Amino acid sequence: MGDPKIAGEDAALVERARRGSACAFEALVRHHYRAAYAVALAVTGNAMDAEDVCQDAFLRALDRLDDCRQPDRFAAWLLRIVRNGGHNFREYRRLRAGDPLEMSDPPAPADSARDAARAELRGRLEAAVAELPLVQREVVLLHDLDGWKHQDIAEALGISEGRSRQHLFHARRKLRALLGEGMVKEYLHEG
Amino acid sequence: MRDDRIDLRALDPTLDPERFQRLVAGIGRGAAAELAARRARATVIGQITAWRRPMLAAAATLLIVSGAVLWSTREDDSREGMGVVEAVGVPTSLASWVRSGDMPGPGQLLLALQETP
(Lines give C-alpha, C1' and ligand atoms only; values in the text may rest on other atoms or scores of the structure.)
Protein backbone atom coordinates (compact mmCIF):
# COMPACT_ATOMS: atom_id res chain seq x y z
CA MET A 1 0.00 0.00 0.00
CA GLY A 2 1.05 3.61 0.22
CA ASP A 3 3.20 3.19 3.32
CA PRO A 4 6.84 3.46 2.13
CA LYS A 5 8.01 1.06 4.83
CA ILE A 6 5.51 -1.61 3.76
CA ALA A 7 6.33 -0.93 0.11
CA GLY A 8 10.02 -1.42 0.87
CA GLU A 9 9.31 -4.63 2.76
CA ASP A 10 7.21 -5.88 -0.13
CA ALA A 11 9.97 -5.12 -2.62
CA ALA A 12 12.47 -7.08 -0.53
CA LEU A 13 10.05 -9.99 -0.07
CA VAL A 14 9.26 -10.10 -3.78
CA GLU A 15 12.97 -10.18 -4.59
CA ARG A 16 13.53 -13.08 -2.18
CA ALA A 17 10.46 -14.93 -3.41
CA ARG A 18 11.78 -14.59 -6.96
CA ARG A 19 14.83 -16.53 -5.82
CA GLY A 20 12.57 -19.21 -4.32
CA SER A 21 12.32 -18.21 -0.66
CA ALA A 22 9.29 -19.99 0.78
CA CYS A 23 9.43 -17.77 3.89
CA ALA A 24 9.29 -14.61 1.80
CA PHE A 25 6.41 -15.92 -0.26
CA GLU A 26 4.50 -16.93 2.85
CA ALA A 27 5.08 -13.46 4.30
CA LEU A 28 3.63 -11.92 1.15
CA VAL A 29 0.60 -14.20 1.44
CA ARG A 30 0.09 -13.28 5.09
CA HIS A 31 0.51 -9.55 4.44
CA HIS A 32 -1.88 -9.40 1.52
CA TYR A 33 -4.35 -12.21 2.04
CA ARG A 34 -7.05 -10.03 3.56
CA ALA A 35 -6.91 -7.47 0.75
CA ALA A 36 -6.92 -10.23 -1.85
CA TYR A 37 -9.84 -11.85 -0.08
CA ALA A 38 -11.73 -8.54 0.04
CA VAL A 39 -11.52 -8.16 -3.72
CA ALA A 40 -12.23 -11.84 -4.36
CA LEU A 41 -15.27 -11.69 -2.09
CA ALA A 42 -16.46 -8.53 -3.83
CA VAL A 43 -16.25 -10.25 -7.21
CA THR A 44 -17.47 -13.77 -6.38
CA GLY A 45 -20.01 -12.92 -3.67
CA ASN A 46 -19.23 -15.71 -1.23
CA ALA A 47 -16.48 -16.82 1.11
CA MET A 48 -15.73 -20.27 -0.30
CA ASP A 49 -15.30 -19.04 -3.85
CA ALA A 50 -13.28 -16.08 -2.60
CA GLU A 51 -10.85 -18.44 -0.87
CA ASP A 52 -10.45 -20.49 -4.06
CA VAL A 53 -9.87 -17.35 -6.10
CA CYS A 54 -7.31 -16.11 -3.58
CA GLN A 55 -5.37 -19.36 -3.61
CA ASP A 56 -5.31 -19.41 -7.39
CA ALA A 57 -4.33 -15.74 -7.54
CA PHE A 58 -1.37 -16.14 -5.20
CA LEU A 59 -0.10 -19.11 -7.19
CA ARG A 60 -0.51 -17.20 -10.45
CA ALA A 61 1.27 -14.25 -8.90
CA LEU A 62 4.20 -16.49 -8.00
CA ASP A 63 4.34 -17.90 -11.53
CA ARG A 64 4.41 -14.38 -12.95
CA LEU A 65 6.52 -12.77 -10.25
CA ASP A 66 9.19 -11.79 -12.76
CA ASP A 67 6.55 -9.68 -14.55
CA CYS A 68 5.97 -7.58 -11.43
CA ARG A 69 7.93 -4.53 -12.56
CA GLN A 70 7.23 -2.47 -9.45
CA PRO A 71 7.70 -4.83 -6.51
CA ASP A 72 7.05 -1.95 -4.11
CA ARG A 73 3.52 -1.92 -5.54
CA PHE A 74 3.04 -5.64 -5.22
CA ALA A 75 -0.38 -5.25 -3.57
CA ALA A 76 -1.92 -3.33 -6.46
CA TRP A 77 -0.39 -5.80 -8.94
CA LEU A 78 -1.72 -8.75 -6.95
CA LEU A 79 -5.20 -7.29 -6.75
CA ARG A 80 -5.36 -7.04 -10.53
CA ILE A 81 -4.63 -10.77 -10.70
CA VAL A 82 -7.30 -11.42 -8.05
CA ARG A 83 -9.88 -9.34 -9.91
CA ASN A 84 -9.19 -11.06 -13.21
CA GLY A 85 -9.23 -14.44 -11.51
CA GLY A 86 -12.51 -13.59 -9.79
CA HIS A 87 -14.14 -12.51 -13.04
CA ASN A 88 -12.92 -15.65 -14.79
CA PHE A 89 -14.26 -17.73 -11.90
CA ARG A 90 -17.67 -16.02 -12.14
CA GLU A 91 -17.79 -16.62 -15.85
CA TYR A 92 -16.78 -20.26 -15.38
CA ARG A 93 -19.47 -20.74 -12.76
CA ARG A 94 -22.07 -19.00 -14.88
CA LEU A 95 -21.31 -21.20 -17.88
CA ARG A 96 -21.12 -24.39 -15.81
CA ALA A 97 -24.18 -24.04 -13.64
CA GLY A 98 -26.08 -20.95 -14.63
CA ASP A 99 -26.25 -20.17 -10.92
CA PRO A 100 -27.18 -16.67 -9.83
CA LEU A 101 -23.77 -15.56 -8.62
CA GLU A 102 -24.94 -12.98 -6.16
CA MET A 103 -26.39 -15.74 -3.96
CA SER A 104 -24.17 -16.87 -1.15
CA ASP A 105 -23.40 -20.53 -0.60
CA PRO A 106 -24.90 -22.02 2.56
CA PRO A 107 -22.52 -21.58 5.47
CA ALA A 108 -20.37 -24.53 6.50
CA PRO A 109 -21.52 -26.51 9.55
CA ALA A 110 -20.50 -24.69 12.72
CA ASP A 111 -18.56 -26.28 15.55
CA SER A 112 -20.03 -24.24 18.37
CA ALA A 113 -22.69 -21.72 19.21
CA ARG A 114 -20.12 -18.93 18.83
CA ASP A 115 -19.11 -20.21 15.43
CA ALA A 116 -22.76 -20.53 14.47
CA ALA A 117 -23.42 -16.93 15.47
CA ARG A 118 -20.37 -15.78 13.54
CA ALA A 119 -21.44 -17.81 10.52
CA GLU A 120 -24.91 -16.27 10.65
CA LEU A 121 -23.48 -12.78 10.92
CA ARG A 122 -21.09 -13.51 8.08
CA GLY A 123 -23.96 -14.76 5.96
CA ARG A 124 -25.98 -11.61 6.59
CA LEU A 125 -23.00 -9.39 5.84
CA GLU A 126 -22.19 -11.29 2.65
CA ALA A 127 -25.80 -11.03 1.52
CA ALA A 128 -25.87 -7.30 2.22
CA VAL A 129 -22.52 -6.67 0.52
CA ALA A 130 -23.74 -8.68 -2.48
CA GLU A 131 -26.51 -6.12 -2.95
CA LEU A 132 -23.95 -3.43 -3.79
CA PRO A 133 -22.55 -2.73 -7.23
CA LEU A 134 -19.15 -4.41 -7.80
CA VAL A 135 -16.99 -1.32 -7.44
CA GLN A 136 -18.76 -0.34 -4.20
CA ARG A 137 -18.18 -3.84 -2.86
CA GLU A 138 -14.49 -3.60 -3.65
CA VAL A 139 -14.12 -0.15 -2.12
CA VAL A 140 -16.02 -0.86 1.10
CA LEU A 141 -14.31 -4.21 1.65
CA LEU A 142 -10.82 -2.85 1.04
CA HIS A 143 -11.48 0.22 3.19
CA ASP A 144 -13.50 -1.21 6.04
CA LEU A 145 -12.20 -4.77 6.12
CA ASP A 146 -8.51 -4.25 5.37
CA GLY A 147 -8.08 -0.58 6.27
CA TRP A 148 -6.86 0.65 2.89
CA LYS A 149 -6.63 4.37 2.20
CA HIS A 150 -8.50 5.95 -0.69
CA GLN A 151 -5.25 6.74 -2.48
CA ASP A 152 -4.30 3.05 -2.54
CA ILE A 153 -7.81 1.90 -3.42
CA ALA A 154 -7.90 4.37 -6.28
CA GLU A 155 -4.57 3.12 -7.62
CA ALA A 156 -5.49 -0.54 -7.29
CA LEU A 157 -8.93 -0.19 -8.86
CA GLY A 158 -8.00 2.39 -11.50
CA ILE A 159 -10.39 5.07 -10.26
CA SER A 160 -9.90 8.53 -8.79
CA GLU A 161 -9.67 9.13 -5.06
CA GLY A 162 -12.84 11.19 -5.25
CA ARG A 163 -14.73 8.33 -6.86
CA SER A 164 -13.39 5.99 -4.20
CA ARG A 165 -14.79 8.25 -1.48
CA GLN A 166 -18.13 8.48 -3.26
CA HIS A 167 -18.36 4.73 -3.64
CA LEU A 168 -17.55 4.23 0.02
CA PHE A 169 -20.18 6.76 1.07
CA HIS A 170 -22.90 5.12 -1.02
CA ALA A 171 -21.85 1.61 -0.03
CA ARG A 172 -22.01 2.39 3.67
CA ARG A 173 -25.35 4.11 3.36
CA LYS A 174 -26.83 1.12 1.56
CA LEU A 175 -25.31 -1.38 3.98
CA ARG A 176 -26.75 0.52 6.92
CA ALA A 177 -30.15 0.44 5.31
CA LEU A 178 -29.86 -3.29 4.62
CA LEU A 179 -28.38 -4.36 7.93
CA GLY A 180 -30.03 -1.92 10.28
CA GLU A 181 -28.17 0.37 12.62
CA GLY A 182 -28.12 -2.32 15.31
CA MET A 183 -25.66 -4.42 13.33
CA VAL A 184 -23.49 -1.57 12.21
CA LYS A 185 -20.85 -0.58 14.70
CA GLU A 186 -18.91 2.59 14.56
CA TYR A 187 -15.26 2.70 15.34
CA LEU A 188 -13.23 5.28 17.07
CA HIS A 189 -9.77 5.20 15.65
CA GLU A 190 -6.90 7.51 15.08
CA GLY A 191 -6.79 8.85 11.60
CA MET B 1 -11.00 11.29 14.28
CA ARG B 2 -14.39 9.62 14.28
CA ASP B 3 -14.74 7.06 11.53
CA ASP B 4 -18.08 5.64 10.51
CA ARG B 5 -16.66 2.50 8.99
CA ILE B 6 -18.84 -0.56 9.03
CA ASP B 7 -17.81 -3.51 11.14
CA LEU B 8 -17.02 -6.17 8.58
CA ARG B 9 -14.80 -8.20 10.88
CA ALA B 10 -17.12 -11.19 10.59
CA LEU B 11 -15.92 -11.42 7.00
CA ASP B 12 -12.25 -11.27 7.98
CA PRO B 13 -10.59 -14.52 6.87
CA THR B 14 -7.69 -13.98 9.28
CA LEU B 15 -9.90 -13.79 12.36
CA ASP B 16 -9.88 -17.55 12.86
CA PRO B 17 -6.14 -18.28 13.24
CA GLU B 18 -6.43 -22.03 12.63
CA ARG B 19 -8.47 -21.60 9.50
CA PHE B 20 -6.18 -18.85 8.25
CA GLN B 21 -3.16 -21.05 8.91
CA ARG B 22 -4.76 -23.81 6.84
CA LEU B 23 -5.39 -21.37 4.00
CA VAL B 24 -1.80 -20.13 4.05
CA ALA B 25 -0.46 -23.67 4.28
CA GLY B 26 -2.60 -24.69 1.31
CA ILE B 27 -1.16 -21.90 -0.79
CA GLY B 28 2.33 -22.83 0.41
CA ARG B 29 1.82 -26.44 -0.71
CA GLY B 30 0.62 -25.27 -4.09
CA ALA B 31 3.63 -22.99 -4.43
CA ALA B 32 6.26 -25.52 -3.32
CA ALA B 33 7.16 -26.82 -6.79
CA GLU B 34 7.51 -23.36 -8.31
CA LEU B 35 9.57 -22.12 -5.37
CA ALA B 36 11.87 -25.16 -5.61
CA ALA B 37 12.33 -24.50 -9.33
CA ARG B 38 13.18 -20.88 -8.58
CA ARG B 39 15.72 -21.91 -5.94
CA ALA B 40 17.32 -24.29 -8.42
CA ARG B 41 17.53 -21.55 -11.06
CA ALA B 42 19.12 -19.21 -8.52
CA THR B 43 22.22 -21.45 -8.07
CA VAL B 44 25.28 -21.32 -10.37
CA ILE B 45 24.57 -24.78 -11.77
CA GLY B 46 20.96 -23.78 -12.15
CA GLN B 47 22.01 -20.70 -14.11
CA ILE B 48 24.15 -22.87 -16.38
CA THR B 49 21.29 -25.32 -16.83
CA ALA B 50 18.93 -22.49 -17.59
CA TRP B 51 21.38 -21.16 -20.19
CA ARG B 52 22.08 -24.62 -21.62
CA ARG B 53 19.72 -24.39 -24.56
CA PRO B 54 20.71 -20.90 -25.74
CA MET B 55 24.36 -21.83 -25.23
CA LEU B 56 23.93 -24.99 -27.33
CA ALA B 57 22.22 -22.96 -30.04
CA ALA B 58 25.04 -20.40 -30.00
CA ALA B 59 27.67 -23.18 -30.14
CA ALA B 60 25.91 -24.81 -33.10
CA THR B 61 25.76 -21.49 -34.95
CA LEU B 62 29.45 -20.89 -34.23
CA LEU B 63 30.26 -24.38 -35.51
CA ILE B 64 28.39 -23.81 -38.77
CA VAL B 65 30.01 -20.39 -39.33
CA SER B 66 33.48 -21.78 -38.52
CA GLY B 67 32.94 -24.72 -40.90
CA ALA B 68 31.87 -22.40 -43.69
CA VAL B 69 34.92 -20.15 -43.17
CA LEU B 70 37.29 -23.13 -43.10
CA TRP B 71 35.72 -24.54 -46.28
CA SER B 72 36.10 -21.27 -48.15
CA THR B 73 39.71 -20.97 -46.93
CA ARG B 74 40.45 -24.44 -48.26
CA GLU B 75 39.13 -23.44 -51.69
CA ASP B 76 41.43 -20.44 -51.61
CA ASP B 77 44.37 -22.76 -50.79
CA SER B 78 44.04 -24.33 -54.25
CA ARG B 79 45.27 -21.01 -55.61
CA GLU B 80 48.37 -21.11 -53.43
CA GLY B 81 50.60 -22.35 -56.31
CA MET B 82 49.87 -19.16 -58.21
CA GLY B 83 52.01 -16.12 -57.78
CA VAL B 84 50.97 -12.54 -57.30
CA VAL B 85 51.09 -11.94 -61.03
CA GLU B 86 48.51 -14.69 -61.76
CA ALA B 87 46.46 -13.57 -58.82
CA VAL B 88 46.02 -10.11 -60.35
CA GLY B 89 44.86 -11.67 -63.63
CA VAL B 90 48.03 -11.90 -65.79
CA PRO B 91 47.93 -15.01 -68.06
CA THR B 92 50.01 -17.95 -66.76
CA SER B 93 52.41 -18.11 -69.74
CA LEU B 94 53.15 -14.40 -69.45
CA ALA B 95 53.79 -14.84 -65.77
CA SER B 96 56.28 -17.68 -66.39
CA TRP B 97 58.15 -15.51 -68.92
CA VAL B 98 58.30 -12.73 -66.38
CA ARG B 99 59.70 -15.10 -63.73
CA SER B 100 62.23 -16.78 -66.08
CA GLY B 101 63.30 -13.61 -67.89
CA ASP B 102 62.87 -15.33 -71.33
CA MET B 103 61.74 -13.22 -74.21
CA PRO B 104 58.68 -14.71 -76.02
CA GLY B 105 58.32 -14.49 -79.74
CA PRO B 106 55.57 -12.32 -81.29
CA GLY B 107 53.37 -15.39 -82.05
CA GLN B 108 53.75 -16.72 -78.52
CA LEU B 109 52.94 -13.29 -77.16
CA LEU B 110 49.77 -13.06 -79.27
CA LEU B 111 48.60 -16.47 -78.11
CA ALA B 112 49.37 -15.63 -74.50
CA LEU B 113 47.35 -12.43 -74.61
CA GLN B 114 44.33 -14.41 -75.88
CA GLU B 115 44.77 -16.81 -72.96
CA THR B 116 42.56 -16.36 -69.94
CA PRO B 117 44.33 -16.21 -66.58
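This is a predicted model: local features need pLDDT of at least 70, side-chain atom pairs count only at pLDDT 80 or more; totals for chains, interfaces and linings use all residues.
Student: Let's start with the overall layout. What secondary structure does chain A come to, and in what order do the elements run?
Tutor: Chain A has eight helices and one strand.

Student: How much of chain B counts as buried?
Tutor: Take chain A as background: buried residues make up 47% of its 191 residues. Chain B has 117 residues. The share of them that counts as buried is 21%.

Student: Among contacts in chain A between residues at least 6 apart in sequence, what percentage join residues at least 24 apart?
Tutor: Start with the contacts in chain A that link residues at least 6 apart in sequence. Then keep those whose partners are at least 24 apart, and the share is 62%.

Student: On to helix packing. How are α2(A) and α3(A) oriented to each other?
Tutor: Helix α2 of chain A covers residues 22–44 and helix α3 of chain A covers residues 47–63, with their axes 8 Å apart. Their packing angle is about 135 degrees. An angle has to be over 145 to count as roughly antiparallel. The two helices are therefore oblique.

Student: What handedness does that crossing have, and how many nonpolar residues are in the contact?
Tutor: α2(A) passes α3(A) in a right-handed crossing. Residues in the contact include A:F25, A:H32 and A:Y33 from α2(A), and A:E51, A:C54 and A:F58 from α3(A). Besides two polar and two charged residues, the nonpolar ones number 14.

Student: Is A:H32 buried or exposed?
Tutor: A:H32 sits in helix α2 of chain A. Away from its sequence neighbours within four places, A:H32 contacts A:D10, A:F58, A:F74, A:A75 and A:L78. Its relative accessible area is 6%, and the cut-off for this class is under 20%, so A:H32 is buried.

Student: Which residues of chain B are in contact with A:Y33?
Tutor: Set aside the neighbours of A:Y33 within four places in sequence. In chain A, the contacts of A:Y33 are A:E51, A:C54 and A:F58. In chain B, they are B:P13, B:F20, B:L23 and B:I27.

Student: Which element gives the most to the largest nonpolar core?
Tutor: That core has 64 residues, and A:F25, A:Y33, A:L141 and A:L142 touch the most other members. With 14 residues, the top contributor is α2(A).

Student: How do α6(A) and α7(A) pack?
Tutor: Helix α6 (residues 134–146) and helix α7 (residues 150–157), both of chain A, have axes 10 Å apart and an angle of about 140 degrees. That angle makes α6(A) oblique to α7(A). The contact includes A:L142 of α6(A) and A:I153 of α7(A). As for handedness, the crossing is right-handed.

Student: Last one: how far apart in space are A:D72 and A:A7?
Tutor: A:D72 is in the loop between α3 and α4 of chain A, and is partly exposed at 35% relative accessible area. Beyond residues up to four places away, A:D72 touches A:A7 and A:A11. A:D72 and A:A7 are 65 residues apart in sequence, yet their C-alpha to C-alpha distance is 4.4 Å.

Methods
Residues are numbered from 1 along each chain as its sequence is written. Chains are lettered from A and ligands numbered from 1 in the order in which they are written. Side-chain values use heavy atoms; hydrogens and water are left out. Axes are lines fitted to C-alpha atoms, for helices over the stretch in contact, and angles run from 0 to 180 degrees between N-to-C directions. Helices (H or I, at least four residues) and strands (E, at least two) are DSSP runs, numbered from the N terminus. Angles under 35 degrees count as roughly parallel, over 145 as roughly antiparallel, 65 to 115 as roughly perpendicular and the rest as oblique. A crossing is left-handed if the near helix is turned anticlockwise from the far one by less than a right angle, and right-handed if clockwise. Contact means heavy atoms within 4.5 Å. Ala, Val, Leu, Ile, Met, Phe, Trp, Tyr, Cys and Pro count as nonpolar, Asp, Glu, Lys and Arg as charged, and the others, Gly among them, as polar. A nonpolar core is a set of buried Ala, Val, Leu, Ile, Met, Phe, Trp, Tyr and Cys residues joined through side-chain atoms within 4.5 Å. Buried means under 20% relative accessible area, exposed over 50%, partly exposed in between (1.4 Å probe, protein chains only).
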